Structure formats: structure tokens, C-alpha cells
Amino acid sequence: MIPEKIIISRTDNLGDVMLTLPIAGILKKKYPICKIYFIGKSYTKALIDACIYVDEFIDRETVLADGNLKKIKADVIIHVFPDNAIAKAAMTAGIPTRIGTSHRWFHWLYCNKKVNFSRKNSELHEAQLNLKLLSPLGIIQDFSLQEISNAIGFEKIPLVSNTAEKLLLKNKFNLILHPKSKGSAREWPMDYYFELAKSLPLENYSIFITGTEKEGALIKEQKSEIFNLSNVTDLTGKCTLEELISFINKADGLIACSTGPLHIASSLGKYTIGIYPPMRPIHPGRWAPLGKKTTVLYENKSCNACRKDFNCVCIQSITPSQVMAVVDKWNK
């Protein structure tokens, strides 16, 4: 039986959602006439709406408030991110095929198709692991990262009134620095971002600092001098997610640690540098962005020293000059 309506559920953060979007592309290739729904947190809606392979976004809280899963009459739901409440709601809605990993106890209660694999100890990329959940639908091939990158479909860029875009300069390389990660990743020191920004020639580079309002305050607390540089513009707390996506799409490059905007920029074909720790399971082999113009910098060694400490010595070993060497190649 060919499924007519499939729900993908990933109710966590921006980067996680970006690496889940290829599931929709792979499903559309196998079932071109099926309708794809995506359950996510409300703040990720702009990402999901930008995917050409997703037909409709469903807000997680709406699902739990009014039980609208039953109204959809879906044939399949794929629990990419284990969410107890959503898994229960899917079973209650009577969705015939409910897919989840076998490693979550509540999936034994609510899912009737359980896929057995371990994310923590795998050598595969997160996007490749996500696709393992398609095996109950007969999709069992091993996808290369290039194939997955081609299936992201991040092409419906929001058309928004964006005053930030007016700051972009046609005669300069417009570079975004996104130093923070809402505490979800090991972060490159602000002193290093400052040194990098100082090293970039004024005549060639226009620099923009992005992040939330809280992250902007933290950046000012750690290295306020970065905002005193004449070619640096502070955009922290000034962009909605729709505006940020649109701004990244018009800019030339982005530098960040393992965070959502890095994946957005990479998927949009921008020059990107991702700065990562080597520690499992947050190393780049698992979480690197997918894109042809992406460079990942990390210490190629085994290290667990900062597992309980965000003061990551391995990330601190990546110097501004190493990052500068990559950036120099972009603007030639």
C-alpha cells in the first residue's frame, strides 16, 4: 500500500530540524503524490516552511491541545525525535504505521514499527541515522552525505521586509559571525571572534554579529569591544527567524559552532566554517553541516576532558589564524 499522508515528527532544535528535512525529500522521491506533514516546535516553523518537500507544518503544542492528528488521517508517522507525548497522541489518533527507535521505552508502548540502531556509538552522520527510520517503509539503502544534501530542499526562502538586508554591501564580502548556541554546543571563545574580526581588512569585509537578544547581552559581557570595530554591525536580537534565514541567504558566508544558523547557511550554499570539538557524540562526524562550501575545523584526536565542562580546550586550540586561512580562500 502506498501511503498518502506521512507525518515526520522532530520536536527539538533548529540544527536537528535541518538535518531531518532530507527525510521529506527522500520520501517525496519514493512517493511523489504523498502529502508530507512535519510536527515541530513553533519557533522552528520558518525552517520547515522553507522546505519544498514539506506540505504542512503542525505545531507540537496544537497537537497536544486539540488532538488534531486524528483529523489528518495519516497513514504513517515517523518519530525522528523521541517525544513521549507525541508518540502517545499518534497511537490515540489511530495512525496505522507508527515508527520509532527501539531504544526508547515509550516506543514499545506506542509504536508498532521499531527500528533498532544506536545513535550514540554510531559512525554515521545524524542525517544518515535519521534515514534509518525509513526502513519499515522499504527504504533501506545507505545514503551518502551528498545524496542527503541534495534532498534537503531548503529553497522556499521567506520573502520578508528585512531592514537588515539593506546593510549588505555589494562591493564587500558580507560575513556573519554567530558566536553563541543557546548553550547547546561547545563555543569558540569571544576573544577569538574579536581577533578574527580585527584581522579582516576593512576594505574587503563587512561583518555582522547575529544571535538572540540574550546572546547579544552575553557577547557584550564577554567581549564588548567587538562591536566597536568600524566594520562590525550588531544584529543580535534584531531578526526573527524568517528574517535571519532571508539575511543569511543574501549574505556571503557564516562562521559558527554547531548551531542552527550554521546548518541554514550551509544548506543555502553559503561559505561556512563550523568549529567543533572532537568529543563524541557532538563531534563533526555526527553533526557537521551539509553543503558544498562548508569547512569544518576541529582537533583530530580523541578527547573527553570537557564532557562536564563547557570550557573546551580542544575548541580553544583552533586559532583565529586557522580560521582566517580558510576565509582568505573565499574572497579570491
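Biologist: Between which two elements lies the loop that holds Pro281?
Modeller: This is a predicted model, in which local features need pLDDT of at least 70 and side-chain atom pairs count only at pLDDT 80 or more, while totals for chains, interfaces and linings use all residues. Residues are numbered from 1 along each chain as its sequence is written, and side-chain values use heavy atoms, with hydrogens and water left out. Helices (H or I, at least four residues) and strands (E, at least two) are DSSP runs numbered from the N terminus. On that basis, the loop with Pro281 runs between β11 (271-275) and α14 (284-287).

Biologist: Is the peptide bond from Arg280 to Pro281 cis or trans?
Modeller: The angle to look at is omega. For the bond that leads from Arg280 to Pro281, omega is near 5 degrees, and the bond is cis.

Biologist: Is Lys73 buried or exposed?
Modeller: Lys73 lies in the loop between α5 (69-72) and β4 (76-79), and has a positive phi of about 60 degrees although it is not a glycine. Buried means under 20% relative accessible area, exposed over 50%, and partly exposed in between, with a 1.4 Å probe and protein chains only. At 65% relative accessibility, Lys73 therefore counts as exposed.

Biologist: At what angle do helix α10 and helix α11 cross?
Modeller: Two packed helices are described by the angle between their axes and the distance between the axes. Here α10 (residues 190-199) and α11 (residues 213-223) have axes that come within 9 Å of each other. The two helices are roughly perpendicular, a label for angles of 65 to 115 degrees. The axes, which are lines fitted to C-alpha atoms over the stretch in contact, with angles from 0 to 180 degrees between N-to-C directions, cross at roughly 80 degrees.

Biologist: Which residues of α11 make the contact with α10?
Modeller: Contact means heavy atoms within 4.5 Å. From α10, the contact is made by Met190, Asp191 and Phe194, and from α11 by Ile219, Gln222 and Lys223.

Biologist: How many disulfides does the model contain?
Modeller: A disulfide is a pair of cysteine sulfur atoms within 2.5 Å. Cys34, for instance, is buried, with a relative accessible area of 2%, and its sulfur is 12 Å from the closest cysteine sulfur, in Cys51, which is too far for a bond. By this rule, the count of disulfides comes to zero.

Note on methods
Angles under 35 degrees count as roughly parallel, over 145 as roughly antiparallel, 65 to 115 as roughly perpendicular and the rest as oblique.
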